[in-house]
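User: I would like to learn how to read helices and their packing in a model of this kind. Could you take me through it step by step?

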Amino acid sequence: MKTAIVTDTNSGLSAKQAEELGIYLIPMPFFVGEETYYEGKDITHADFFEKMRAGEDVFTSQPSPSVITSLWEKLLQDYDRVLHFPMTAELSGSYETAKALALDCDGRVLVVDDRRISVTLEQSVRNALVLLEQGKTAEQVKEILEEERFDASIYIALDTVEYLKKGGRLSATGAAMATILSIKPVLQVKEGRLGVYKKVRGMKNAKGVLISALKNDLETRFRGVTMNIFAGYSGGDPALGEGWLREVQAAFPDALVRLISLPLSICCHTGEGALGVGCAKAW
């Protein structure tokens, strides 16, 4: 049976990468002021952060149901099954929306609840490709990846708390004190949920926390598991990411660390200058 794979730009995949992999990519919408943009389609990272620095309000959204169902309908003309990979249900309604829409597809669309986002979601998609090449059915792939959904971890250090304040996760007073004291929150995405891992003073200390936290996960939670390692950053300056990649690679000299520019739908919440590390089981 032929199986198509669908995900969205929350995975961090570009249109070019998706085409090379042979998967189908839905651009995530977001709002800048009153304008709607689609990631990878009508705005560059540089333009996005220029608007953010200018004080424009940014908000995320979900793809419209019609965009999702029209893609599925087109794919089901040529494929027997569709494996659909939305971002974690703990951080978005995308999973529940897709699951409800799939009820009208006679079991031919399988929505994978893998509790992933960004690089870990991308790794899940890549794992699905490997499993399909091994001869697994779409149903088997879904079962395997959902069983392994928690074999992944992400840590992100924020350079600004402005967007935590705007999102209601931090009071104005707390944000002001954090700015005055140069407090940098280190957030963790674990089992699909986002929470505060630690608060430290200055990005230098925050970077140390990121690396030590990931090392601890690899030595404890994921001991004996083949994991891919990632470094990520937010911002329009590639030099920020390249410098961070060198630091992460030096901390994990036996691994090939891959760098990603965080998806804009995530940058809406992190702001500019965020740094992250992650790992995910690789097939």
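Analyst: This is a predicted model, in which local features need pLDDT of at least 70, side-chain atom pairs count only at pLDDT 80 or more, and totals for chains, interfaces and linings use all residues. Residues are numbered from 1 along each chain as its sequence is written, and side-chain values use heavy atoms, with hydrogens and water left out.

User: Is helix 5 mostly covered or mostly uncovered, and how many of its residues are buried?

Analyst: Buried means under 20% relative accessible area, exposed over 50%, and partly exposed in between, with a 1.4 Å probe and protein chains only. Helix 5 is mostly covered, since 11 of its 15 residues are buried, among them Val119, Leu121 and Glu122.

User: How do two packed helices get described?

Analyst: They are described by the angle between their axes and the distance between those axes. Axes are lines fitted to C-alpha atoms, for helices over the stretch in contact, and angles run from 0 to 180 degrees between N-to-C directions. Here helix 3 (residues 65-75) and helix 4 (residues 94-102) pack at about 50°, with their axes 11 Å apart.

User: Which residues make the contact between them?

Analyst: With contact meaning heavy atoms within 4.5 Å, helix 3 contributes Pro65, Ile68, Thr69 and Trp72, while helix 4 contributes Ala98, Leu101 and Ala102.

User: Where is arginine 115 found?

Analyst: Arginine 115 is in the loop between strand 7 (109-111) and helix 5, and its phi is near 55°, a positive value in a residue other than glycine. Glutamate 191, in the loop between strand 9 (183-190) and strand 10 (193-201), also has a positive phi of about 55° although it is not a glycine.

Key
Helices (H or I, at least four residues) and strands (E, at least two) are DSSP runs, numbered from the N terminus.
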